[in-house]
2 protein chains.
Amino acid sequence: MKEVALGIDIGGTNTVFGFIDREGHTLAESSISTKAHLDVRSYLKALHDKIQEIMSTLKTEVVLKGIGVGAPNGNYYKGTIENAPNLTWGKMVHFTDLLKDYYQVPIVLTNDANAAAIGEKIYGGAKSMSDFIVITLGTGLGSGIFVNGKVMYGHDGFAGELGHVTVNYNGRQCGCGRKGCLETYVSATGIKRTVYKLLADYTDPSVLRGISFDTLSAEMITKAAKEGDRIGIEAFEYTGKILGKKLADFVTFSSPEAIFLFGGLARAEEFIFRPTIQHMEENLMPVFRNKVKILPSSLMERNAAILGASALLWMELEK
Amino acid sequence: MKEVALGIDIGGTNTVFGFIDREGHTLAESSISTKAHLDVRSYLKALHDKIQEIMSTLKTEVVLKGIGVGAPNGNYYKGTIENAPNLTWGKMVHFTDLLKDYYQVPIVLTNDANAAAIGEKIYGGAKSMSDFIVITLGTGLGSGIFVNGKVMYGHDGFAGELGHVTVNYNGRQCGCGRKGCLETYVSATGIKRTVYKLLADYTDPSVLRGISFDTLSAEMITKAAKEGDRIGIEAFEYTGKILGKKLADFVTFSSPEAIFLFGGLARAEEFIFRPTIQHMEENLMPVFRNKVKILPSSLMERNAAILGASALLWMELEK
């Protein structure tokens, strides 16, 4: 009999899930389409059917200890998904309550960036750390913050929205309705916008001049930079400079042992890490200098979203 | 037999201390000069002598449960005072270790802003709150941050240096060696600098034109504003605008239930609170709007420094 957690990660396009043991081994994983279900009840039925199907194929006999869910705009306190822009299930979805109709085990939910941070704590590079930050660099910029060994949820469950600290009050338009938020500069979308700004401002030849905005990806920019493209390299410099300066502010707030970068942009290695570290150090107050590690997430090459969701459950059971 | 804590607050000029019970009643208080003692050992001997003298005059019989110390640059983890600019006792003072030669009771130490936050939690307006921030507006800007019902000390004990987030990378020179830190704008010294900038930029008549920089105090600026002086009013607008914008960033970090303002500037009432709240709300991302209370500290008219230091001890004993 093996004790397992079911980790579920809800994305706008697909939902992935897996059965994970306490050591982080995946017994099985699968997925269903999220966007095929306009209604959350039909979605949950399809998800339950698929989970049962996968569970029946497991070779080991398992005890399901509980379910962890990572969801966009997920609220840990209420188990709700609130105002998620890429989901069509309504403004306020009582997700854990609905899932309890199918499973009578502990169910916990949080947002995807918090789940990534918990995954780093339970299975990754932060096992021995009590105070650290995980920054997820995807379409936007998400963050999960550990303080005193626990996720900082804040008063209402929405702490750690670091993608929305302001870089420039007259800056780029943000999806949140304001201007100049960090994620409009530092994210896969942000660096695309920076490439287009640089292509407009400078005349350097660049392979990126042949690619439309809709086609351009962070991977293409990374590839260009690695091949010596001036615009590609400069785009990472610009991104790392803004990120580094803001990390210096975050350090004055929570004084973390390390900050982990997760997601596509972090794969650009020294192109993003070097300017980020340089500008963070230059902007730190003296007491914090040469203390804070900036590290790539150790879960990047693994099924991080499912691991993070299952880690949330294990962390909850340890309370 | 009454259980009491000894609360000690070390300032650059004077040290104040008092015997406080769990409900916040002061049985007795007194002070000694800090700056008269260039050496920490002679300081401690004088402090001990004075404490024993006061203790012998108490009318109630007391049990000393322990000592809480608030100190500039105090490190909770190590019980040290590190690189305190206004003390002459060396770069690294092992304060609690030295004090243990005199008192064999639990001794805890933290910085003055954390002590103010703990005072607010134990005796003040934050009794029922788990997540809140206290901003102390004195010569500089200090902060104490509660997360999950506990002070956030961070990895190394130096979390919560919000006076040193950057407002303007080419801005005012700061005592920390960098430029444009929040406390160069938002503090008693910051608003003096702002008054002088406004007197330079504009030609409005003002009572403040007759006062030298060295003589000018935050109280004088408050008085001028309350009497309708344009420069005085505008100085608070400018200060509140910068503070409000930064509070919006702090909310995205820890999502507090309330932010308390403590110290001289907070006595300017609506002159500082109205622009601060307005600019915070304008700059909050939608999910946080109309949720976070901005309040004056409820300890301002009391012996807050001693209360905060004693509260630190009570909080430690509750662990």
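## Interface and aromatic pairs of chains A and B

Across the interface of chain B and chain A, 16 residue pairs are found in polar contact, with both residues of each pair at pLDDT 80 or more, in what is a predicted model. On the side of chain B that touches chain A, the elements giving two or more residues are strand 10 (141-147), strand 11 (150-151) and helix 6 (230-254) of chain B, and helix 6 gives the most, with seven residues. By class, this side of chain B has 19 nonpolar, ten polar and eleven charged residues.

The contact draws 40 residues from chain B and 40 residues from chain A, and the area buried between the two chains is about 3,500 Å², 58% of it given by carbon and sulfur atoms. Of the area that chain B buries against chain A, B:His155, B:Tyr169 and B:Phe253 supply 21%, more than any other three residues. Two salt bridges are found across this interface; B:Lys291 forms a salt bridge with A:Asp156, with the closest N and O atoms 2.6 Å apart.

| Pair | Centre distance | Plane angle | Geometry |
|---|---|---|---|
| A:Phe132 and A:Phe260 | 5.9 Å | 90° | edge-to-face |
| B:Phe132 and B:Phe146 | 4.6 Å | 10° | stacked |

The pair in chain A links strand 9 (residues 132-137), which holds A:Phe132, to strand 12 (residues 258-262), which holds A:Phe260, 128 residues apart, and both A:Phe132 and A:Phe260 are buried. B:Phe132 and B:Phe146 are likewise both buried. Ring pairs also link A:Phe250, A:Phe253, B:Phe250 and B:Phe253 into a cluster.

Methods
Residues are numbered from 1 along each chain as its sequence is written. Chains are lettered from A and ligands numbered from 1 in the order in which they are written. This is a predicted model: local features need pLDDT of at least 70, side-chain atom pairs count only at pLDDT 80 or more; totals for chains, interfaces and linings use all residues. Side-chain values use heavy atoms; hydrogens and water are left out. Contact means heavy atoms within 4.5 Å. Buried area is the accessible area (1.4 Å probe) that two parts lose on being put together, summed over both. A salt bridge is a side-chain nitrogen of Lys or Arg within 4 Å of a carboxyl oxygen of Asp or Glu. A polar contact is a pair of N or O atoms within 3.5 Å; within protein, one must be able to donate a hydrogen and the other to accept it, and residues adjacent in sequence count only if both atoms are side-chain atoms. Helices (H or I, at least four residues) and strands (E, at least two) are DSSP runs, numbered from the N terminus. Ala, Val, Leu, Ile, Met, Phe, Trp, Tyr, Cys and Pro count as nonpolar, Asp, Glu, Lys and Arg as charged, and the others, Gly among them, as polar. Rings of Phe, Tyr and Trp (its six-membered ring) pair if their centres lie within 6.5 Å; planes under 30 degrees apart count as stacked, over 60 as edge-to-face and the rest as tilted. Buried means under 20% relative accessible area, exposed over 50%, partly exposed in between (1.4 Å probe, protein chains only).
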